[in-house]
Amino acid sequence: MQLGEFEYLMLTATARLGDEAYGLAIRQEIEEATGRACSLGALYTTLDRLELKGLIKTWMGDPTPQRGGRPKRMVRITSKGEQAAAAFYETVMRVSRGVAWASK
């Protein structure tokens with residue numbers, strides 16, 4: 001299964017966050033790692049697409065006072081998602097061998 005760069009970033013952020021993975025936390029992880037803004041629309045559209053592909057599972061968590069009583073959309077990467085992310089990473093590493101910036 002071929003992933004796009006943003007899908008890979010979403011899977012990686014989800015894996016890194018573990019039990020704390022939910023929409024806004026994933027967004028913050030991506031923005032900190034890339035130095036680029038991440039729109040909520042792109043984030044939630046991609047979450048939906050990753051779930052349709054079977055790469056993540058989502059569910060609504062408990063409401064929290066910090067969110068005005070609204071629940072968080074929690075996210076967990078599936079084993080299929082881990083495999084897809086690992087394959088994407090290996091492909092990038094393989095294609096980058098011998099390129100000047102890959103050794104910096």
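Contact here means heavy atoms within 4.5 Å. This is a predicted model, where local features need pLDDT of at least 70 and side-chain atom pairs count only at pLDDT 80 or more, while totals for chains, interfaces and linings use all residues. Residues are numbered from 1 along each chain as its sequence is written, and side-chain values use heavy atoms, with hydrogens and water left out.

Q: Leaving aside neighbours within four places in sequence, which residues is Leu47 in contact with?
A: Let's start with a core residue: Leu47 is among those with the most contacts inside the largest nonpolar core. Such a core is a set of buried Ala, Val, Leu, Ile, Met, Phe, Trp, Tyr and Cys residues joined through side-chain atoms within 4.5 Å. Skipping those sequence neighbours, Leu47 is in contact with Met10, Ile26, Ile56, Arg73 and Val75.

Q: Which element gives the most residues to the largest nonpolar core?
A: The core has 24 residues. Elements giving it two or more include helix H1 (5–17), helix H3 (40–52) and strand E2 (71–77); helices (H or I, at least four residues) and strands (E, at least two) are DSSP runs, numbered from the N terminus. With six residues, the top giver is H1.

Q: Is Arg73 buried or exposed?
A: Arg73 sits in strand E2, and its side chain makes a polar contact with that of Glu51 (3.4 Å). For a polar contact, N or O atoms pair within 3.5 Å; within protein, one must be able to donate a hydrogen and the other to accept it, and residues adjacent in sequence count only if both atoms are side-chain atoms. Buried means under 20% relative accessible area, exposed over 50%, partly exposed in between (1.4 Å probe, protein chains only). Arg73 has 17% relative accessibility, so it counts as buried.

Q: What kind of pair do the rings of Tyr8 and Phe88 make?
A: Rings of Phe, Tyr and Trp (its six-membered ring) pair if their centres lie within 6.5 Å; planes under 30 degrees apart count as stacked, over 60 as edge-to-face and the rest as tilted. Tyr8 is in helix H1 and Phe88 in helix H4, 80 residues apart. Their centres are 4.6 Å apart and their planes at 25°, so the pair is stacked.

Q: How far apart are the end C-alpha atoms of H2?
A: The expected span of a helix is 1.5 Å times one less than its number of residues. H2 has 12 residues and should span 16 Å, which agrees with its end C-alpha atoms being apart by 17 Å.
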